[in-house]
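My entries are in the order in which I checked them.

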Amino acid sequence: DRDVTGVQTCALPISLFDWLRRMFDKRIALVAVFLYAVHPRIVEPTVEPLRESTFWLFLVLCLDLFWQAACEFRWWQFAAAGLSLALALHTRMEGWFLLAPLGVWLLAAWRSNPAARSRLALGTVATVAITPLFVLVVNLTLLSHQTQWELGRLSPFALVANWVQALHEKPVVTPAPPSTTMSQSAKAPAVPAPAPLVPHVEGAKANRETTASATLRLYLYEMVRTLGYAFLALTVIGLIRGRREFLDPRKAVLGLLTAVVLLAIWVRLSQIATINGRYFLILVFLDAPFAAIGALEVMRLLEVMAWRRGLSWLRPGRASVAFAVCLLAGGWAEALLTHHSHRYREAQLGRWIARQSGRFNSVVADFNSVRPAYVAGHGMPDVVTFDEFYKPRFDRSPPDLAIFYPDGFRKELLPHLIIRAARLGLTPLDLTEFGKGKSDFVVFVRTRS
């Protein structure tokens with residue numbers, strides 16, 4: 001794991017610098033890499049088993065290779081871009097956003113380079129075709145033991161469809177009955193699926209404005225908390241100062257992509273009423289050139305102010321260095337002073353489970369229970385949803401440890417979860433002895449003989 005993290009840590013800034021050097025210039029690329037390096041929220045997820053760091057590498061690598069392919073038309077660039085795109089799509093759903101710059105940059109190259117249109121057409125087909133080919137190879141090799149093919153995460157498209165449908169529908173007079181889903185296992189009971197309730201029409205009218213304002217406050221709070229005041233301010237300054245860059249559609253697509261990402265986060269928050277600030281961190285890379293332009297503008301203004309006021313101790317260059325040192329100190333201070341008590345608590349729970357029950361050969365957890373499961377099992381668990389826990393593969397090969405977050409699904413589903421765990425030979429672990437107050441999780445372990 002450490003070797004992989006080291007490769008990611010080195011490869012990402014190199015790709016970021018190369019992309020922005022080609023698309024803008026060396027000064028903007030250098031400042032953008034510096035802003036990336038001192039951003040405390042970027043460094044924070046790298047110490048945990050999260051997909052963000054891997055996805056950021058594929059994201060920046062895709063942007064770099066897309067730009068190279070649209071400018072140089074070499075076959076290996078199209079092939080590498082297609083592979084990076086396939087990996088990004090299967091790491092996080094935000095990878096679908098990469099289709100926007102791919103289309104705009106290749107279309108611009110098509111219009112400005114008539115002689116290279118045949119290579120562009122073949123290269124584009126090859127780039128796009130690698131993703132379905134990747135899915136085919138993975139299903140025929142790594143997933144050949146499964147009874148059905150895995151096509152990737154398509155649930156985000158369902159969220160968008162539900163959001164669009166909700167915009168055109170009027171509130172119903174009575175609550176909608178909960179849907180039911182039958183599990184794929186013969187042993188699984190029919191349980192109501194975790195779906196949001198539809199409010200009564202009068203309640204919807206009374207609470208619509210309050211709910212919308214609360215959602216907006218949460219949205220803005222998470223955005224500012226995650227991106228930081230400094231990065232947001234530099235980005236706004238850069239967008240104003242570098243507004244002429246938007247005359248080039250190849251660069252304007254970054255602004256459009258920023259708006260799409262912000263809208264997508266809003267849709268997710270509106271549909272499931274929860275948000276994770278990490279979703280905003282993709283903007284650190286998409287808006288990196290504009291934040292760098294903003295930083296360069298601030299440095300220039302500081303130099304002019306020092307010259308006009310005759311501040312000898314701020315000779316040319318020193319003001320810029322002082323500004324960079326302030327950014328570095330601010331990033332370090334936030335990183336060192338920020339405490340995540342819930343993360344430490346979850347890690348302590350994982351270590352306590354390991355001490356109580358020994359070593360586990362197989363561990364299962366839902367999306368909200370990955371951290372304690374990772375610590376308890378000394379490795380990445382099999383991450384599943386509530387319904388996926390009923391798949392026949394767990395009947396054939398039951399896990400030794402299962403951890404779930406009850407607040408992630410309806411309360412009436414908990415008895416079904418306990419029954420399912422019992423049929424797999426798992427018993428609930430008494431967490432009252434954990435000694436850290438009420439636990440947020442339910443833990444099932446296999447009884448040792």
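**Entry 1: model.** I am working from a predicted model.

**Entry 2: core.** I looked up the largest nonpolar core and found that it has 72 residues. Within this core, W19, W105 and F285 have the most contacts. I then checked which element supplies the largest share of this core, and it is helix α4 (residues 52–72), with 13 residues.

**Entry 3: W105.** I listed what W105 touches, leaving out residues up to four places away in sequence. The list is W19, M23, L63, F66, W67, A70, R250 and V253.

**Entry 4: α4 and α6.** How are α4 and α6 oriented to each other? I found that α4 and helix α6 (residues 99–112) pack at about 15°, with their axes 9 Å apart. Angles under 35 degrees count as roughly parallel, so α4 and α6 are roughly parallel to each other. I noted their crossing as right-handed. From α4, the residues L63, F66, W67 and A70 meet P101, L102, W105, L106 and A109 of α6. I sorted the residues of this contact and got 9 nonpolar, no polar and no charged.

**Entry 5: α6 and α11.** I next turned to α6 and helix α11 (residues 249–272), whose axes come within 9 Å and cross at roughly 165°. Angles over 145 degrees count as roughly antiparallel, which makes α6 roughly antiparallel to α11. The crossing of α6 and α11 is right-handed. On the α6 side I found A100, P101, V104, W105 and A108, and on the α11 side P249, R250, V253 and L257. The residues of the contact of α6 with α11 divide into 8 nonpolar, no polar and 1 charged. I note that W105 takes part in the contact with α4 and in the contact with α11.

**Entry 6: S84.** Is S84 buried or exposed? I located S84 in helix α5 (residues 75–89). Its relative accessibility is 5%, and buried means under 20%, so S84 counts as buried. Leaving out residues up to four places away in sequence, S84 touches F58, L61, C62 and L65.

**Entry 7: R345.** I found R345 in helix α15 (residues 341–357). R345 counts as partly exposed because its relative accessibility is 22%. I also looked up R371, which is 26 residues from R345 in sequence and 9.9 Å from R345 in space, C-alpha to C-alpha.

How values were computed. Residues numbered from 1 in each chain as written. Predicted model: local features only at pLDDT ≥ 70, side-chain atom pairs only at ≥ 80, totals over all residues. Heavy atoms only, no water. Helix = DSSP H or I, 4+ residues; strand = E, 2+ residues; numbered from the N terminus. Buried < 20%, exposed > 50% of the residue type's maximum accessible area, 1.4 Å probe, protein only. Core = buried A, V, L, I, M, F, W, Y, C linked by side-chain atoms within 4.5 Å. Contact = heavy atoms within 4.5 Å. Axes fitted to C-alpha atoms, helices over the stretch in contact; angles between N-to-C directions. Parallel < 35°, antiparallel > 145°, perpendicular 65-115°, else oblique. Left-handed = near helix turned anticlockwise from the far one by under 90°. Nonpolar A, V, L, I, M, F, W, Y, C, P; charged D, E, K, R; others polar.
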